[in-house]
There are 2 protein chains.
Amino acid sequence: VSGEFDLINWIRAASSSADCVELGIGDDLAVLRWPAGDLLLVGVDQVLDGVHFDSAVHGPREIGRKVMNRNLSDCAAMGCLPVAAVATVALPHHTGADYGRQLYLGLRDAGDIYHVAIVGGDTASWPGKLAMTVSILGRAGGVRPITRGGAKVGDGIYVTGPLGGSLLGRHMTFEPRVNLGRQLAASGKVSAMIDISDGLSRDLAHICRESKVGAVITAAMVPIHPDAEQMSRRPGDARTPLEHALHDGEDHELLFTAATAPGLGEIRIGSIVADPGVWMESENRREALQPLGWEHRL
Amino acid sequence: VSGEFDLINWIRAASSSADCVELGIGDDLAVLRWPAGDLLLVGVDQVLDGVHFDSAVHGPREIGRKVMNRNLSDCAAMGCLPVAAVATVALPHHTGADYGRQLYLGLRDAGDIYHVAIVGGDTASWPGKLAMTVSILGRAGGVRPITRGGAKVGDGIYVTGPLGGSLLGRHMTFEPRVNLGRQLAASGKVSAMIDISDGLSRDLAHICRESKVGAVITAAMVPIHPDAEQMSRRPGDARTPLEHALHDGEDHELLFTAATAPGLGEIRIGSIVADPGVWMESENRREALQPLGWEHRL
């Protein structure tokens with residue numbers, strides 16, 4: 001058996017530095033130098049055993065990668081540059097320090113790609129299931145952050161890749177669209193953006209509500225991932241491939257609106273309209289698209 | 001039954017604003033304006049059911065207060081000004097939105113005292129026990145942050161209040177020493193500081209290790225809280241009141257070193273020495289003080 005402080009010391013020795021970090025892991029708080037005049041973006045996401053992963057199936061390094069990538073995907077959705085992160089882990093009793101080290105290495109796998117410095121955290125052992133969080137700090141770096149609230153009537157609606165069926169595996173292995181989100185924001189053409197975590201139908205509703213507009217998507221234009229086809233063929237699955245593409249969560253592609261296409265490989269799926277609500281057109285019928293995507297029931 | 005987004009909307013409507021917040025709760029990330037040239041301090045702490053609180057005994061508002069106060073105590077230990085926070089909550093299934101609202105109000109109770117803006121978070125429902133985190137952002141605000149690493153041979157060792165027995169209730173209700181920590185840092189006299197969360201013996205060892213020094217404390221000078229006396233009298237309790245004061249965690253008083261006393265009500269308990277290790281003198285005997293305070297076993 002080893003302890004919390006052995007693990008912290010190991011992480012500290014393994015941690016990389018970054019220019020902006022004046023004091024990293026090992027004190028009450030980390031100390032960063034923030035570039036003058038640069039906006040600070042901050043958020044947090046958690047992953048929980050039995051909800052966002054299954055510890056009986058997924059290894060600790062995968063789990064660590066996922067929680068960091070969920071946060072990097074938030075950075076992508078704002079078009080910001082990720083800078084630093086702090087993490088917590090609640091380890092079930094008797095999990096062992098090696099498991100904790102693997103979780104950390106997963107964080108590093110994902111964060112290192114974008115030079116994210118892990119500057120602090122909190123490790124505890126408890127009688128519960130594995131729970132992990134990452135809080136991410138990003139900076140605007142000369143590009144205005146893109147919110148959910150800027151969609152205008154007449155804008156096109158776009159996604160950055162095919163959707164649906166992430167539960168077959170992509171929900172653990174998706175690549176956050178950090179560089180693409182940055183390019184989209186820097187193009188000056190994007191009016192509103194979000195990453196698809198709760199499902200297209202629900203995340204588009206978030207944009208509409210924040211922008212006080214409506215949306216019409218064309219069923220035939222929604223790009224369907226092969227995983228959505230595969231899920232739909234499984235015995236007992238009641239959704240069509242299109243329904244998987246519309247409602248499954250954790251695709252982590254970007255969903256955005258723009259008056260003119262940025263020309264960065266995006267796929268147009270519809271248009272912003274004045275009527276509130278989210279609508280889908282198929283074979284000349286227009287019907288309300290219910291947000292069937294993910295919502296935690298309390 | 002209500003859902004995650006109802007709760008988020010309620011929190012959003014209830015949230016207060018702050019000058020530095022350009023975009024608060026409700027987007028992928030919050031956006032803050034950071035004062036030019038001001039250092040950014042960041043950290044995170046969690047509270048877990050069965051470890052840091054007992055949900056069968058403690059109410060949600062108390063639990064929310066505790067997790068915010070743990071983070072504010074970290075700000076106190078660095079002498080910084082708390083600015084903003086993001087939070088996560090993992091709610092057991094069927095807990096209900098009202099419980100979630102009470103957790104949030106607890107965060108606000110504690111944060112509002114220091115004008116901490118809660119700018120984001122992540123709420124989920126899961127098949128596990130209640131887990132909550134807060135990540136805090138603070139700023140130096142013209143005062144150099146105090147680390148654990150600055151203690152010098154010959155410095156006095158001080159605490160800001162009586163210790164021990166916090167488990168009788170103070171571990172839920174302590175007041176973080178934010179203003180006092182700030183005054184201590186601004187005095188220019190404090191060489192190293194930490195808040196006592198793991199217990200005096202262990203937290204003093206943290207200072208010694210980071211400062212590459214040793215410490216000698218005088219048993220008769222350690223201020224003992226009445227709760228330590230009371231715990232010691234309980235049937236089956238094997239620790240003396242002094243042992244409770246030395247080793248119990250979650251006092252959240254400040255422990256610091258200084259060449260000359262700042263004169264802010266601090267209590268001297270010993271001196272920094274060159275010999276590595278932590279020692280205690282009592283009745284002309286000097287013996288090694290084992291760090292028996294809290295450590296999570298993995």
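The structure holds 38 salt bridges over all chains; a salt bridge is a side-chain nitrogen of Lys or Arg within 4 Å of a carboxyl oxygen of Asp or Glu. This is a predicted model: local features need pLDDT of at least 70, side-chain atom pairs count only at pLDDT 80 or more, and totals for chains, interfaces and linings use all residues. Residues are numbered from 1 along each chain as its sequence is written, chains are lettered from A and ligands numbered from 1 in the order in which they are written, and side-chain values use heavy atoms, with hydrogens and water left out.

**Salt bridges**

- Side chains of opposite charge can pair when their charged atoms come close.
- Arg101(A) and Asp98(A) join their side chains in a salt bridge, at 3.8 Å from N to O. The two are three residues apart in helix H3 of chain A, so about one helical turn separates them. Helices (H or I, at least four residues) and strands (E, at least two) are DSSP runs, numbered from the N terminus.
- Arg101(A) is partly exposed, with a relative accessible area of 25%. Asp98(A) is also partly exposed, at 44%. Buried means under 20% relative accessible area, exposed over 50%, and partly exposed in between (1.4 Å probe, protein chains only).
- Helix H3 of chain A also holds Arg108(A) and Asp112(A), four residues apart and separated by about one helical turn. Their salt bridge has its closest N and O atoms 3.0 Å apart.
- Arg108(A) is buried, with a relative accessible area of 15%. Asp112(A) is partly exposed, at 33%.
- In chain B, the side chains of Arg170(B) and Asp227(B) form a salt bridge at 3.0 Å, N to O. This pair links distant parts of the chain: Arg170(B) sits in helix H4 (residues 170-173) and Asp227(B) in helix H7 (residues 226-232), 57 residues apart.
- Arg170(B) counts as buried at 18% relative accessibility. Asp227(B) counts as buried at 14%.
- A network of salt bridges links Arg12(A), Arg209(B) and Glu210(B).

- Asp198(B) lies in the loop between strand S8 (190-195) and helix H6 (200-211) of chain B.
- Asp198(B) is buried yet has no salt bridge. The nearest side chain of opposite charge is Arg202(B), 5.8 Å away. For charge, Lys and Arg count as positive and Asp and Glu as negative; His and the chain ends are not counted.

**Packing at Ala110(A)**

- Ala110(A) is placed in helix H3 of chain A. The residue is buried, with a relative accessible area of 3%.
- Not counting residues up to four places away in sequence, Ala110(A) touches Arg65(A), Met68(A), Asn69(A) and Leu72(A).
- Leu72(A) is 38 residues from Ala110(A) along the chain, and their C-alpha atoms are separated by 8.5 Å.

**Positive phi**

- Most residues other than glycine have a negative phi.
- His115(A) is not a glycine, yet its phi is positive, about 55°. The residue is found in the loop between helix H3 (97-112) and strand S5 (117-126) of chain A. His115(A) is exposed, with a relative accessible area of 66%.
- Glu283(A) has a positive phi near 50°. The loop between strand S12 (277-282) and strand S13 (285-288) of chain A holds Glu283(A). Glu283(A) is exposed, at a relative accessible area of 74%.

**Cavity**

- A cavity is a set of points on a 1 Å grid over the protein atoms alone where a 1.4 Å probe fits but cannot get out; lining residues have an atom within 4 Å of a point. Grid points are joined across faces, edges and corners, and a volume is the space filled by probe spheres set on the points.
- The count comes to one cavity of 30 Å³ or more. The largest cavity has a volume of about 70 Å³.
- The largest cavity is lined by 14 residues, and the closest to its centre are Ala131(A), Thr133(A), Gln46(B), Ala131(B) and Thr133(B).
- Strands S3 (40-48), S4 (81-92) and S6 (131-139) of chain A, and strands S3 (40-48), S4 (81-92) and S6 (131-139) of chain B, each supply at least two residues of this lining.
- By class, the lining has eight nonpolar, six polar and no charged residues. Ala, Val, Leu, Ile, Met, Phe, Trp, Tyr, Cys and Pro count as nonpolar, Asp, Glu, Lys and Arg as charged, and the others, Gly among them, as polar.

Terms used
On a 1 Å grid over the protein atoms alone, a cavity is a set of points where a 1.4 Å probe fits but cannot get out, and a pocket is an open set with protein on both sides within 12 Å along at least five of seven lines; lining residues have an atom within 4 Å of a point. Contact means heavy atoms within 4.5 Å.
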